[in-house]
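Dear colleague,

I am passing a structure on to you, together with some notes on what turned up when I went through it. Please look at it first and then read on.

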Amino acid sequence: MMANLKLVFSLLCIGIIFFRDASAQIFTDSNLPIVIIKTDNGVSIPDIPRVLARMIIISRKNGERNYLTDQNNPAFLDYDGRINIEVRGSSSQYPDKKQYGFSTLLDDNVTENNVTLLGLPKENDWILNSMVFDTALIRDYLSYNLSRQIGEYASRTVYCEVVINSYYKGLYLLQEKIKADANRVNVHKILPSDNLPPEVTGGYITKADKTTGGDPVAWQMQADYIHVLPKPEEVTPAQSTYIHDQFLTLATTSRNGNSSVTDGFPHYVDMPSFIDYMIIQELSSNCDAYQFSTYFHKDRKGKLRAGPLWDNDLTYGNDLFLWGYDRSHTNVWQFSNGDNEGSAFWKDLFNNSVFRCYLARRWNELIQPGMPLNLASMEAFIDQTVNTITEAAIRNNTQWGIITNFQDRINFIKAFLRERIDWMTANLGSFTACSNVPVPPLVISKIMYNPPVTALYPKSNDQEFLEITNNGDITVNLTGIYFAGTGFVYQFPNNSVISPHASVFLANNISVFKEKYGFTPFGQFTRNLSDEGQDLILADGYGNVIDNVWYTDTIPWPAADGNGYYLKLTDPDLDNSISSNWTASNDRLFDDKNIPENLTLVLYP
C-alpha cells in the first residue's frame, strides 16, 4: 500500500519544488494570525545583509477572525514594532517562496528587543518557516510538537499568514530559533574567558550540518561539526578542544560497547535525550537526521545531550524527489540506510544491547494508548491541526501554483505512520532486560530555591540548597546518579554513598553554605534553582527516574519564595510530587555528622 502511495506522492511533487508567484490573490482575512512586514522604502529582502522593516502582527483573542484592516487598531495587535530581516536557509533559498530570519528591535533600529510573539516566551531571534518542501504543510509542526510532548524541548511554533510589502506570501510557521535561553536551550552562555574547568565545561550548542552557511567546520566525524555556542568567531582553542573531546569520548565508548555508568557512554551523555532524539527522527524517517541539522547541547558540568530537533520537512515519506532523492521509507533505519548516516556513534549506540533495550522500552511506552506516539493520539493531533490550517493551506497552494489535494497529503502521512509504527515495533526487539530496573529509595526532601537577600548574604543564589534523603535501610551507592536535563546540574562522584536514613545537602555555593549553616555540604551544584519553579529529575546513569519534583512559587505550593523559608517534605514516606505534602520551614539545618547538642526535638503530628 505504502509503495503505491509513495509513487502517487512522488508524481504529485514533480514540478512544485520551484514555485512561482502564481498570482497576486486578494487576501483580506484569516482564522490565523496575520503577519505584515513592510521593509523600509519597500526594498526587497536579501540573504545578506539584513534590512530594516516594520512588523505588525494581527491577532484577535478567543479565536476570532483577523482582518487586514485590523492593522490600524492597537487593540487587535500582538506586535507593532521594528525588526531586521533576511532570507535564510540553504536549499530552501531556491524556491520563490522564501523563509526568513528576523530580530525584534527597539525603535533605535539597533538594540535587540526581547518580546513575546503570539504567546511564545520572550526573545528577539525568530524564524518564519515557509515549509517550502512540504506540500502537507505540517511535518515540522508535527515533529516539534511530538518532541515537546515526550518531554524534550523543540522550537515552539505558531501558524500564521504572511504579507510582505503588500504581497500575500502564504502560510508560514512563526517559530523560535535554536538559541541558548532559559526558555529555549537552557544552557549557560559560555564566555571567551571560560577556558579552565569548571567554566570550560559549558555551555555549548553544536551541530552536524551543511557548511553552506559560511561557518567553518570545527571538526569532522563522518559529518561536519559546527560551533553554534560559542559562535565560530568567538570560540577559543581550549573550548573547541573540550567539546570535541566530549564527542570523541562518546565515539570511543560507544564503539567499544562500554555501557558502564562509571566510565562508559552513560557517564558522559544523557541517554534519555539520545533515545528520545532517535525515536522522533526514526518515527518520521528523517532523510537528514544525524548528518544535517543535527544539534547537541551541553550545560556547564552537565552531560552531552542530543537535540533539539530541527529541519524536519524531509520526513514521513517526503524527500527532494525532483532532484532524484527518495530516502524516507517505513522500513529503514536512517542511521544505517547507506545515505546521510551521520557519525558512527549513532549506529554503535543502537547496536549496544543496553542502549537498545532502553530505546525499545521507551518506544513501547510512548506508543501505548493515551501516550504521545500512539497512532490514535497522533491522528487526533493531525486532524486538529488540519482543521486549523486548511483554509490558509488552500490559499497558500493557490498562491504558489501547487496542484495537489491537501487532504490526500495528510492521508499519506497517516498511512505512513501506521506502517512505520508497526515496522519499528517489530524491529526494535525485546526490552525485558531493562523493564523493571530497581532504583534506590532517594527522596528530594528540602528545597531552598529563592533565599532572601541580606546585608550579610547579598546574593540570593549563593544560599540555595537541596537535601536528598536515603529513605531505605541499606547504604546507597551514588555512582552514575545525576539530575537530568539542563538549568540545574549535578552528577554524584563515583563510589560516593548515602547511609541508611541519612541525608546529604547540595549547595549552590559551598563556602556560603558552610558559613551560614555551620557544616560543609556534600557537594556543589551548577547554575541555580529557578525562583519561579522547576522540574527536578533525579535519575540513575541510564535515565531511570529515582525521584521527580516539580515545585512552583505559587499556590498550592507552600509560601517559600524569598521570605527566608525553604520547602520541607513533612515525611519522606509521602509522595513528594504532591504540594500538600510539603511545608514552608525555617528550621535550623544540620547534617548527620553534626547534630547540635541543644537540638529541640519536635514530634509530628
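**Notes on the structure**

Leu137 sits in the loop between S7 and helix H2 (139–149), and with a relative accessible area of 2% Leu137 is buried. Please keep in mind throughout that this is a predicted model. The phi angle of Leu137 is near 55°, which is a positive value in a residue other than glycine. Asn340 has a phi near 55° as well, again positive in a residue other than glycine; Asn340 belongs to the loop between S14 and H6, and Asn340 counts as buried because its relative accessible area is 16%, where buried means under 20%. Most residues other than glycine have a negative phi, and most peptide bonds are trans.

On the matter of peptide bonds, there are two cis bonds to point out. Gly307 and Pro308 are joined by a cis peptide bond with omega about 5°, and Pro308 is placed in the loop between strand S14 (304–306) and helix H6 (344–351). Ile555 and Pro556 are likewise joined by a cis peptide bond, here with omega about 15°, and Pro556 lies in the loop between strand S25 (545–552) and strand S26 (566–569).

For the protein as a whole, there are ten helices and 27 strands. A compact globule of 605 residues would have a radius of gyration near 25 Å, and the protein, at 26 Å, agrees with that. Along the principal axes, the C-alpha atoms fill a box of roughly 85 × 55 × 50 Å. Of the 605 residues, 56% count as buried, and among contacts with a separation of 6 or more, 66% are between residues 24 or more positions apart. The accessible surface comes to about 25200 Å², with 51% of it belonging to carbon and sulfur atoms. There are 48 positive and 68 negative side chains, and the centres of these two sets lie 3 Å apart.

Which residues touch the most other members of the largest nonpolar core? They are Phe274, Phe345, Trp346 and Leu373, in a core of 86 residues. Helix H9 (residues 406–428) contributes the largest share of this core, with nine residues. A second, separate core has 30 residues, including Leu442, Ile468, Val476 and Trp557. Returning to Trp346, its contacts beyond four places in sequence include Phe274, Tyr277, Met278 and Phe335.

Leu128 lies in strand S7 (residues 125–129) and counts as buried, at 0% relative accessibility; Leu128 and Gly101 are 27 residues apart in sequence, while their C-alpha atoms are 6.3 Å apart in space. Beyond four places in sequence, Leu128 touches several residues, among them Ile37, Phe102, Cys160 and Leu173.

The other two positions are in loops. Asp70, in the loop between strand S4 (66–67) and strand S5 (77–88), is buried with a relative accessible area of 4%, and, leaving aside neighbours within four places in sequence, Asp70 is in contact with Ile58, Arg60, Arg65, Phe76 and Leu77. Ser293, in the loop between helix H5 (271–283) and strand S13 (294–298), is buried with a relative accessible area of 5%, and, with neighbours within four places again left aside, Ser293 is in contact with Ala208, Asp209, Tyr277, Trp310 and Asp311.

With best wishes

How values were computed: Residues numbered from 1 in each chain as written. Predicted model: local features only at pLDDT ≥ 70, side-chain atom pairs only at ≥ 80, totals over all residues. Heavy atoms only, no water. Helix = DSSP H or I, 4+ residues; strand = E, 2+ residues; numbered from the N terminus. Buried < 20%, exposed > 50% of the residue type's maximum accessible area, 1.4 Å probe, protein only. Contact = heavy atoms within 4.5 Å. Rg over C-alpha atoms; globule rule 2.2 N^0.38 Å. Areas by Shrake-Rupley, 256 points an atom, 1.4 Å probe, with all protein chains shown as cover. Lys, Arg positive; Asp, Glu negative; His and termini not counted. Charge placed at Lys NZ, Arg CZ, Asp CG, Glu CD. Core = buried A, V, L, I, M, F, W, Y, C linked by side-chain atoms within 4.5 Å.
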